[in-house]
2 protein chains.
Amino acid sequence: MTNKRSSISNKDIVLQTASTLFLTKGFQVTSMDEIVALSKVSKTNIYYHYKSKEELLLAIVDQLISRYEERISRTLTQDMSIPAKMERLFRILMEDNEQIDYVGGCPFLTLYTQTSHSSSEARAKIKAFFDKQLQVVEKLLEEGMEKKELSRNLPVHETAALIVTSIEGALFLTKATNNPMLAQNLIQAFASMLK
Amino acid sequence: MTNKRSSISNKDIVLQTASTLFLTKGFQVTSMDEIVALSKVSKTNIYYHYKSKEELLLAIVDQLISRYEERISRTLTQDMSIPAKMERLFRILMEDNEQIDYVGGCPFLTLYTQTSHSSSEARAKIKAFFDKQLQVVEKLLEEGMEKKELSRNLPVHETAALIVTSIEGALFLTKATNNPMLAQNLIQAFASMLK
């Protein structure tokens, strides 16, 4: 019992250590030896849970995606107006990056650009996450217009593309230009576009 | 004379080879040995021109920036309406990525996320490039409104932030989601926003 509990906890520690290293230093420059040294979990124990850096990467991508999706679906099922839901969604997508100094501003962008062709499975998961994000925004726009809570004249695909791409671009550019006004100006632009 | 000419040409070959490797495979996973092997320029000759991978990176960033800035300033000085200039600008920023399969969709984003803390000089140049891009868009918006070629009601900072971030996000997401409609929808969204 104690053994199992400590083994689960070791697994979490390894995942957390690898996640921090991959996201703040980079996947390519992080070695399994570094994960061993920093997590203080034995190599045998680490390899028992994760056969390779690629397996760790996949577990991290899964964890990130489920964390975002949980927060997004909680927002979608709440009893709020569509504009309020959209604002909440924008904040979920934009604010998480304030806590960790991701190499590329956004955790998915950081992992994607660090893995190149080495992990097609992780890339497929990241693609699915963004495809879904686009669909969520399109659905909210349609619902909002149907309920007359949003301006009637918004072209759905174009507006959703504008919203999803600008949030992603803002995550990267806030980091690259060290300009926190970008995200604020964006939230304002959305507000005036959607009212 | 012949010596000098061949030396210039070798320098260009090395720069081109390194650029392709850094942008399509990644800066961190490319070694100087690989650049030697692929460029077929001798190691001594390469190190004569570039002391390190970081020096090559800086030269590549400089070359990329001057290539973009040349095209942008040529557009800005042309005798066209502001909406036409803006559309041309969007295409310059979005279309170059169709030719090369950059790891992260955009050459600057690719280099930035691949260098992490190793090259603060390259990062400062990339920051300056995007800061300037934002200023160019803001200036065009102001000019367009002054000349009444654009809708009077656009908030300058918010609209410029929306445009610059969404172009950057579209470059990454077109690559990550393999969805060419994103960029097309974005161009349409800009057109209806600016008319």
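Biologist: Which residue forms a salt bridge with Glu143(A)?

Modeller: This is a predicted model, and the pairing can be judged from its side-chain atoms. A salt bridge requires a side-chain nitrogen of Lys or Arg within 4 Å of a carboxyl oxygen of Asp or Glu. For Glu143(A) the closest N and O atoms are 3.6 Å apart, and the partner is Lys139(A).

Biologist: Why are Glu143(A) and Lys139(A) separated by about one helical turn?

Modeller: Side chains of opposite charge can pair when their charged atoms come close. Glu143(A) and Lys139(A) both lie in helix H7 of chain A. The separation is about one helical turn because the two positions are four residues apart.

Biologist: How many salt bridges are there between chain A and chain B?

Modeller: By the 4 Å rule, the count over all chains is 19 salt bridges. Between chain A and chain B, seven residue pairs are in polar contact. The number of salt bridges between chain A and chain B, however, is zero.

Biologist: Which helix gives the most residues to the side of chain A that touches chain B?

Modeller: In chain A there are nine helices and zero strands. The area buried between chain A and chain B is about 3,500 Å², with 69% of it given by carbon and sulfur atoms. At least two residues of the side of chain A that touches chain B come from each of H6 (107–115), H7 (120–146), H8 (156–177) and H9 (181–194) of chain A. The helix that gives the most, with 15 residues, is H8(A).

Biologist: How many nonpolar residues does the side of chain A that touches chain B have?

Modeller: In the contact between the chains, 40 residues of chain A meet 40 residues of chain B. Sorted by class, the side of chain A that touches chain B has seven charged and 15 polar residues, and its nonpolar residues number 18.

Biologist: What relation do chain A and chain B have?

Modeller: Of the interface residues of chain A, 100% are also interface residues in chain B, so the copies meet through the same surface. Chain A superposes on chain B, with an RMSD of 0.0 Å, by a rotation of 180° and 0.0 Å of shift along its axis. That is the relation of a two-fold axis.

Biologist: How far apart are the end C-alpha atoms of residues 31–50 of chain A?

Modeller: An unreviewed UniProt entry places the feature "DNA-binding region" at residues 31–50 of chain A. Over residues 31–50 the chain is 75% helix and 0% strand, and the distance between the end C-alpha atoms is 13 Å.

Methods: Residues are numbered from 1 along each chain as its sequence is written. Chains are lettered from A and ligands numbered from 1 in the order in which they are written. This is a predicted model: local features need pLDDT of at least 70, side-chain atom pairs count only at pLDDT 80 or more; totals for chains, interfaces and linings use all residues. Side-chain values use heavy atoms; hydrogens and water are left out. Contact means heavy atoms within 4.5 Å. Buried area is the accessible area (1.4 Å probe) that two parts lose on being put together, summed over both. A polar contact is a pair of N or O atoms within 3.5 Å; within protein, one must be able to donate a hydrogen and the other to accept it, and residues adjacent in sequence count only if both atoms are side-chain atoms. Ala, Val, Leu, Ile, Met, Phe, Trp, Tyr, Cys and Pro count as nonpolar, Asp, Glu, Lys and Arg as charged, and the others, Gly among them, as polar. Copies are superposed by least squares on the C-alpha atoms of residues with pLDDT of at least 70 in both. UniProt positions are given in the numbering used here, feature names are shortened, and annotations may be inferred rather than shown by experiment.
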